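Welcome! Keep the structure open beside you as you read.

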Amino acid sequence: MLLRFSVSMDEKLLGQFDEFLVSRKYSNRSEAIRDLIRKVLVNEEWEQDSEVVGVVTLVYNHHQPQLQEKITELQHLFHHQITSTTHVHMDHHNCLEVTIVKGRASQVRELAEKLMALRGVKNGNLTMSSTGGHLH
(Lines give C-alpha, C1' and ligand atoms only; values in the text may rest on other atoms or scores of the structure.)
Protein backbone atom coordinates (compact mmCIF):
# COMPACT_ATOMS: atom_id res chain seq x y z
CA MET A 1 0.00 0.00 0.00
CA LEU A 2 1.35 3.41 -0.98
CA LEU A 3 0.77 6.37 1.32
CA ARG A 4 1.14 10.02 0.41
CA PHE A 5 2.66 12.69 2.60
CA SER A 6 3.82 16.22 1.99
CA VAL A 7 7.21 17.73 2.70
CA SER A 8 7.95 21.39 3.26
CA MET A 9 11.31 22.51 1.97
CA ASP A 10 13.29 25.67 1.33
CA GLU A 11 13.03 26.71 -2.33
CA LYS A 12 16.79 26.63 -2.91
CA LEU A 13 17.13 23.19 -1.33
CA LEU A 14 14.28 21.89 -3.49
CA GLY A 15 16.01 23.32 -6.55
CA GLN A 16 19.21 21.49 -5.64
CA PHE A 17 17.22 18.30 -5.09
CA ASP A 18 15.58 18.67 -8.50
CA GLU A 19 19.02 19.09 -10.10
CA PHE A 20 20.08 15.90 -8.30
CA LEU A 21 17.03 14.11 -9.76
CA VAL A 22 17.95 15.15 -13.28
CA SER A 23 21.63 14.20 -12.89
CA ARG A 24 20.69 10.75 -11.54
CA LYS A 25 17.91 10.21 -14.11
CA TYR A 26 15.10 9.89 -11.56
CA SER A 27 11.66 10.16 -13.14
CA ASN A 28 10.10 11.72 -10.05
CA ARG A 29 10.81 12.99 -6.54
CA SER A 30 9.03 10.11 -4.85
CA GLU A 31 11.40 7.47 -6.18
CA ALA A 32 14.44 9.53 -5.17
CA ILE A 33 13.08 10.04 -1.66
CA ARG A 34 12.36 6.29 -1.33
CA ASP A 35 15.95 5.51 -2.38
CA LEU A 36 17.37 8.03 0.09
CA ILE A 37 15.29 6.59 2.92
CA ARG A 38 16.40 3.04 2.05
CA LYS A 39 20.01 4.19 2.07
CA VAL A 40 19.64 5.68 5.55
CA LEU A 41 18.02 2.47 6.82
CA VAL A 42 20.81 0.32 5.37
CA ASN A 43 23.40 2.59 7.01
CA GLU A 44 21.55 2.09 10.31
CA GLU A 45 22.01 -1.66 9.93
CA TRP A 46 25.74 -1.16 9.55
CA GLU A 47 25.83 0.95 12.69
CA GLN A 48 23.90 -1.72 14.62
CA ASP A 49 26.34 -4.47 13.59
CA SER A 50 23.64 -6.38 11.70
CA GLU A 51 24.13 -9.08 9.08
CA VAL A 52 25.23 -7.24 5.94
CA VAL A 53 26.68 -7.73 2.48
CA GLY A 54 29.32 -5.68 0.75
CA VAL A 55 32.07 -5.43 -1.82
CA VAL A 56 35.71 -4.66 -1.07
CA THR A 57 37.52 -3.22 -4.09
CA LEU A 58 41.31 -2.96 -4.15
CA VAL A 59 43.66 -1.58 -6.80
CA TYR A 60 47.26 -2.43 -6.09
CA ASN A 61 50.73 -2.78 -7.54
CA HIS A 62 51.36 -6.48 -7.89
CA HIS A 63 55.14 -5.85 -7.86
CA GLN A 64 54.91 -4.82 -4.18
CA PRO A 65 56.87 -7.51 -2.32
CA GLN A 66 54.64 -10.05 -0.52
CA LEU A 67 51.46 -7.99 -1.00
CA GLN A 68 49.56 -10.81 -2.71
CA GLU A 69 50.56 -13.17 0.10
CA LYS A 70 49.30 -10.69 2.73
CA ILE A 71 46.01 -10.27 0.88
CA THR A 72 45.56 -14.04 0.69
CA GLU A 73 46.46 -14.44 4.37
CA LEU A 74 43.83 -11.88 5.41
CA GLN A 75 41.26 -13.52 3.17
CA HIS A 76 41.93 -16.85 4.86
CA LEU A 77 41.63 -15.29 8.32
CA PHE A 78 38.21 -13.90 7.34
CA HIS A 79 37.11 -16.85 5.17
CA HIS A 80 33.69 -17.02 6.87
CA GLN A 81 32.94 -13.48 5.65
CA ILE A 82 34.13 -13.98 2.05
CA THR A 83 31.67 -15.19 -0.54
CA SER A 84 33.72 -14.66 -3.70
CA THR A 85 36.87 -12.98 -4.97
CA THR A 86 37.71 -11.87 -8.51
CA HIS A 87 41.20 -10.85 -9.59
CA VAL A 88 41.78 -8.77 -12.73
CA HIS A 89 45.13 -7.84 -14.28
CA MET A 90 44.67 -4.19 -15.27
CA ASP A 91 48.07 -3.66 -16.87
CA HIS A 92 51.69 -4.71 -16.35
CA HIS A 93 51.85 -3.19 -12.85
CA ASN A 94 48.32 -2.99 -11.47
CA CYS A 95 45.68 -5.46 -10.35
CA LEU A 96 42.07 -5.07 -9.34
CA GLU A 97 40.71 -7.39 -6.68
CA VAL A 98 37.00 -7.45 -5.90
CA THR A 99 35.89 -9.39 -2.84
CA ILE A 100 32.22 -10.01 -2.07
CA VAL A 101 31.67 -10.22 1.68
CA LYS A 102 28.83 -11.14 4.01
CA GLY A 103 28.62 -11.17 7.79
CA ARG A 104 28.42 -8.94 10.81
CA ALA A 105 29.07 -5.32 9.87
CA SER A 106 31.98 -5.00 12.29
CA GLN A 107 33.74 -8.06 10.85
CA VAL A 108 33.21 -6.97 7.25
CA ARG A 109 34.47 -3.47 8.04
CA GLU A 110 37.53 -4.88 9.87
CA LEU A 111 38.47 -7.04 6.89
CA ALA A 112 38.05 -4.14 4.46
CA GLU A 113 40.12 -1.77 6.60
CA LYS A 114 42.94 -4.29 6.98
CA LEU A 115 43.03 -5.00 3.24
CA MET A 116 42.98 -1.30 2.29
CA ALA A 117 45.76 -0.51 4.77
CA LEU A 118 48.25 -2.93 3.23
CA ARG A 119 51.36 -1.37 1.76
CA GLY A 120 51.10 -1.27 -2.04
CA VAL A 121 47.31 -0.84 -2.15
CA LYS A 122 46.77 2.28 -4.27
CA ASN A 123 43.03 2.54 -3.81
CA GLY A 124 40.50 0.69 -1.72
CA ASN A 125 36.80 0.99 -1.14
CA LEU A 126 34.08 -0.78 0.82
CA THR A 127 30.62 -0.59 -0.68
CA MET A 128 28.04 -1.67 1.84
CA SER A 129 24.50 -2.86 1.63
CA SER A 130 22.19 -5.08 3.59
CA THR A 131 20.29 -8.18 2.77
CA GLY A 132 17.35 -5.77 2.60
CA GLY A 133 14.89 -8.21 4.12
CA HIS A 134 12.92 -5.52 5.91
CA LEU A 135 13.03 -2.92 3.12
CA HIS A 136 10.21 -2.47 0.61
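Let us begin with the largest pocket, where helix 2 provides the largest share of the lining, five residues. Keep in mind along the way that this is a predicted model. Helix 1 also takes part: helix 1 and helix 2 each give at least two residues to the lining of this pocket. In total, 15 residues line the largest pocket, and Leu-3, Phe-5, Ser-30, Ile-33 and Arg-34 are the ones nearest its centre. Sorted by class, the lining is made of ten nonpolar, two polar and three charged residues. The space inside the largest pocket comes to about 560 Å³.

Next, take a look at helix 1 itself. How far apart are the end C-alpha atoms of helix 1? They are 18 Å apart, which agrees with the 18 Å that its 13 residues should span at 1.5 Å a residue. At the N-terminal end, helix 1 is capped by Asp-10, with a side-chain oxygen of Asp-10 lying 3.0 Å from the backbone nitrogen of Lys-12.

Beyond helix 1 comes Lys-25, with a positive phi near 65°. Lys-25 sits in the loop that runs between helix 1 (11–23) and helix 2 (29–47). That positive phi goes with a residue that is not a glycine.

Gln-66 belongs to the loop between strand 1 (51–61) and helix 3 (67–77). Gln-66 is not a glycine either, and its phi is positive, about 60°.

Now for the strands. Gly-54 is part of strand 1. Which residues does Gly-54 touch, leaving aside those up to four places away in sequence? They are Thr-99, Ile-100, Val-101, Thr-127 and Met-128. Gly-54 and Gly-103 are 49 residues apart along the chain, yet their C-alpha atoms are separated by 9.0 Å.

Strand 3 covers residues 94–104, and Asn-94 is found in it. The side chain of Asn-94 makes a polar contact of 2.7 Å with the side chain of Lys-122.

| Residue | Relative accessibility | Class |
|---|---|---|
| Lys-25 | 71% | exposed |
| Gln-66 | 53% | exposed |
| Asn-94 | 12% | buried |
| Gly-54 | 6% | buried |

Reading the rows against those cut-offs, Lys-25 counts as exposed because its relative accessibility is 71%, and Gln-66 counts as exposed because its value is 53%. Asn-94 counts as buried because its value is 12%, and Gly-54 counts as buried because its value is 6%.

Technical notes. Residues numbered from 1 in each chain as written. Predicted model: local features only at pLDDT ≥ 70, side-chain atom pairs only at ≥ 80, totals over all residues. Heavy atoms only, no water. Helix = DSSP H or I, 4+ residues; strand = E, 2+ residues; numbered from the N terminus. Buried < 20%, exposed > 50% of the residue type's maximum accessible area, 1.4 Å probe, protein only. Polar contact = N/O pair within 3.5 Å; in protein donor to acceptor, adjacent residues only side chain to side chain. Expected span 1.5 Å × (residues − 1). 1 Å grid on protein atoms, 1.4 Å probe; cavity = no way out; pocket = protein on both sides within 12 Å on 5 of 7 lines; lining within 4 Å. Points joined across faces, edges and corners; volume = space filled by probe spheres on them. Nonpolar A, V, L, I, M, F, W, Y, C, P; charged D, E, K, R; others polar. Contact = heavy atoms within 4.5 Å.
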